[in-house]
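Dear colleague,

My notes on it follow directly after.

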Amino acid sequence: MSNPLSINQLLRYFRHYHQKDYSFGGHSHTYREITIVLKGRFEVTYDDTIITLKENTLMIYDEDVFHRNRIISSEDAVVLVYHFKTDDIPPGEKARIYELSESNLNLVNIIAEESDKNAAKLEGSSFMAESFNYQTKKLLEILLIRLIEKEPFADFQHHPESEIFNSAVSYMKDNISSNLSIAEIAKHCQTNDTNLKNIFRKHTGNGVIAHFSHMKIAAAKKLIKEGFSIGEISDILGYSSQGYLTLCFKKETGMTPLEYKKER
């Protein structure tokens with residue numbers, strides 16, 4: 001990167017102590033996220049890929065990308081999470097995952113100590129900060145510059161079911177304007193309906209069609225940002241009417257497309 005990386009907003013920080021049976025249902029959001037696994041093994045469903053994060057690994061999430069997490073180790077896990085906004089990291093073509101060197105891990109611990117100074121205790125097991133001192137923001141910028149400029153992406157372990165999941169999600173992306181059935185998607189992936197349903201339930205927490213609907217709404221959000229009208233978006237994504245798009249959008253996000261447009 002030719003210019004220093006700047007964090008526009010550092011939104012939240014969490015220190016999670018997850019039990020070994022923990023799983024998070026998944027979401028996407030309009031800011032970036034950093035997940036740092038300090039202990040245990042963490043499985044991430046990220047867009048069309050199922051990834052295993054091992055101890056002392058850091059992952060940077062893009063905006064508006066669906067992700068779901070669960071603990072897959074036999075022991076409890078410790079995970080740090082930061083939410084932030086920046087204009088200086090381009091959208092990634094693949095997941096940004098870094099194995100932390102000793103010096104970068106030491107820096108992570110210093111950043112976490114600074115974050116804890118302004119943290120409020122939540123639910124007895126998590127810490128969240130929404131007000132950060134100057135040092136926290138600058139130290140996190142330094143860590144990101146170190147990783148993005150100097151460190152290669154780490155190789156990560158794919159789940160055995162990742163190939164089918166990847167094929168299904170890629171097929172959905174290629175046919176985002178269609179109203180696909182489970183049978184059509186399963187046939188493309190060369191598997192049966194039941195196996196496909198089980199894979200999606202396991203790795204997204206949703207059914208196949210529910211996940212496809214989520215992908216359509218994520219696509220609608222991007223088109224809204226690009227300036228398309230609600231009617232144009234309805235046609236592009238294959239909704240039967242503008243009203244049905246509005247209904248689905250509100251069910252997913254809690255707001256209408258026009259309300260979302262005004263907020264953005």
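A residue is called partly exposed when its relative accessible area lies between the limit for buried, under 20%, and the limit for exposed, over 50%. Please bear in mind that this is a predicted model.

That definition applies to N56, whose relative accessible area is 26%, so N56 is partly exposed. N56 sits in the loop between β4 (49-53) and β5 (57-61). Its phi is near 60°, a positive value in a residue other than glycine. For context, most residues other than glycine have a negative phi.

D64 also has a phi near 60°, again positive although the residue is not glycine. The loop that holds D64 runs between β5 and β6 (67-71). Is D64 buried or exposed? With a relative accessibility of 9%, D64 counts as buried.

I turn next to a pair of helices. Helix α1 (residues 102-117) packs with helix α2 (residues 134-150) at an angle of about 160°, and their axes are 9 Å apart. Angles over 145 degrees count as roughly antiparallel, and α1 is therefore roughly antiparallel to α2. The crossing in which α1 passes α2 is left-handed. On the α1 side, the residues that meet α2 include L107, V108, I110 and I111; on the α2 side, those that meet α1 include L139, L140, I142 and L143. Sorted by class, this contact comprises 9 nonpolar, 5 polar and 2 charged residues.

In soluble globular proteins, nonpolar side chains tend to be buried together. The largest nonpolar core in this model has 30 residues, and those with the most contacts inside it are M172, I185, L196, F200, I233, L237 and F249. At least two residues of this core come from each of α3 (162-174), α4 (182-188), α5 (193-204), α6 (208-225), α7 (230-236) and α8 (242-253). The helix with the largest share is α6, which supplies 7 residues of this core.

Which residues does I185 touch, leaving aside those up to four places away in sequence? I185 touches A168, Y171, M172, L180, L196 and V208.

With kind regards

Terms used
Residues numbered from 1 in each chain as written. Predicted model: local features only at pLDDT ≥ 70, side-chain atom pairs only at ≥ 80, totals over all residues. Heavy atoms only, no water. Axes fitted to C-alpha atoms, helices over the stretch in contact; angles between N-to-C directions. Helix = DSSP H or I, 4+ residues; strand = E, 2+ residues; numbered from the N terminus. Parallel < 35°, antiparallel > 145°, perpendicular 65-115°, else oblique. Left-handed = near helix turned anticlockwise from the far one by under 90°. Contact = heavy atoms within 4.5 Å. Nonpolar A, V, L, I, M, F, W, Y, C, P; charged D, E, K, R; others polar. Buried < 20%, exposed > 50% of the residue type's maximum accessible area, 1.4 Å probe, protein only. Core = buried A, V, L, I, M, F, W, Y, C linked by side-chain atoms within 4.5 Å.
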